[in-house]
Amino acid sequence: MTQATTQVPRVMGIVNVTPDSFSDGGQHDDPGAAVVRARALLAQGADILDIGGESTRPGAVPVPEPVEMDRILPVISALRSETRALMSIDTCKPSVARAAVAAGADIWNDVTALRAPGAVDIAAELECHVVLMHMQGDPQTMQQAPRYDDVVAEVSEFLLQRARAAMAGGVTRDRIWLDPGIGFGKTLTHNLALLAHLDRIVALGFPVLLGASRKGLIQALDPMATAPADRLAGSLAAALAGAQAGVAAVRVHDVRETVQAMKVWSAIAEAGISPVR
Ligand code: HH2
């Protein structure tokens, strides 16, 4: 196995402060439990914590803004007082992003790629990093009949357009991350095509975030994996495909195992480019 660089993807640990997330909904849905979970992920080696108060799983019902704020703000404030680790807020609501950044978040992770009214202006004003993710449709309907002529080309074009819109609105280029949105309005075939051609998303010239952890595509390939917690091996396989393609970060539930997989992957990659003496 050889590759031009051995950039090791950073590991973003997922902290869902939600009762209904597809994988861990209800496990950390009070702020105290979420802070305990976040500390554990940092101890396991997470570089970034992604804190979310609204599920985006297929069929998820939108959460009112005050509820989302009550879930995430105490978690971000508590963590900011004790860690310098990067924190992202997983929200599509500009008002929630604004409050989260005021409480200490560094990154706005937006699965709608700043398409809400006023979102680009607020992102520019906040001067935070932004993750622009591709999604076809919305969470309530996105898995009903996703269609593309060329999924890799269309996702790439969308991401580039959103990056241009963000830059035109004042978000600086160095603050923009892209994400192909695995599982967001995509069939198994679409997800696999994107995973196989991640290098084309990386080639757009922005850091890429990959989120495949415990997602439905793993169960589609391994029907025994009905429980999301039983999708660790498939999640690692997808994360390693991302590492090989040069993604900047992977968004995962299983931080310790992912950190270990990345250590082994990067050691092998280093050995492949170092002279053997
Ligand atoms: N996936 C989920 C949520 N947010 N953000 C980015 N940038 N990329 C992703 O792939 C992504 C995301 C869905 O996963 P999860 O948070 O575990 O579930 P839920 O949305 O049900 O809370």
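The legends below describe close-up views of a predicted model. Residues are numbered from 1 along each chain as its sequence is written, and side-chain values rest on heavy atoms, with hydrogens and water left out. Because the model is predicted, local features need pLDDT of at least 70 and side-chain atom pairs count only at pLDDT 80 or more, while totals for chains, interfaces and linings use all residues.

View 1. Strand β2 covers residues 48-52, where strands (E, at least two residues) and helices (H or I, at least four residues) are DSSP runs numbered from the N terminus. Five of the five residues of β2 are buried, so the strand is largely enclosed by the rest of the structure; buried means under 20% relative accessible area, exposed over 50% and partly exposed in between, with a 1.4 Å probe and protein chains only. In a regular strand the side chains alternate between the two faces of the sheet. Here Ile48, Asp50 and Gly52 point one way from β2, whereas Leu49 and Ile51 point the other way.

**View 2. The partners of strand β2.** Two strands pair if DSSP finds at least two bridges between them. Strand β1 (residues 10-16) runs parallel to β2 and is joined to β2 by five bridges, and the bridge partner of Ile14 in β2 is Asp50. Strand β3 (residues 86-90) also pairs with β2 in the parallel sense, over five bridges, and in β3 Met87 stands opposite Leu49. From β2 the chain crosses through helix α2 (residues 65-80) to β3 in a right-handed β-α-β crossover, meaning that, with the strands pointing away from the viewer, the path from the first strand over the helix to the second runs clockwise.

**View 3. The largest cavity.** A cavity is a set of points on a 1 Å grid over the protein atoms alone where a 1.4 Å probe fits but cannot get out, and its lining residues have an atom within 4 Å of a point. There are two cavities of 30 Å³ or more, and the largest holds about 40 Å³ of space. Its lining includes Leu210, Arg251 and Val252, and β8 (249-252) and α9 (232-245) are the elements that give two or more residues to this lining. The largest share, three residues, comes from β8.

**View 4. The second largest cavity.** About 30 Å³ of space lies in the second largest cavity. Among the residues that line this cavity are Ser213, Leu232, Asp254 and Thr258, and α9 gives the most to the lining, with four residues.

Notes. 1 Å grid on protein atoms, 1.4 Å probe; cavity = no way out; pocket = protein on both sides within 12 Å on 5 of 7 lines; lining within 4 Å. Points joined across faces, edges and corners; volume = space filled by probe spheres on them.
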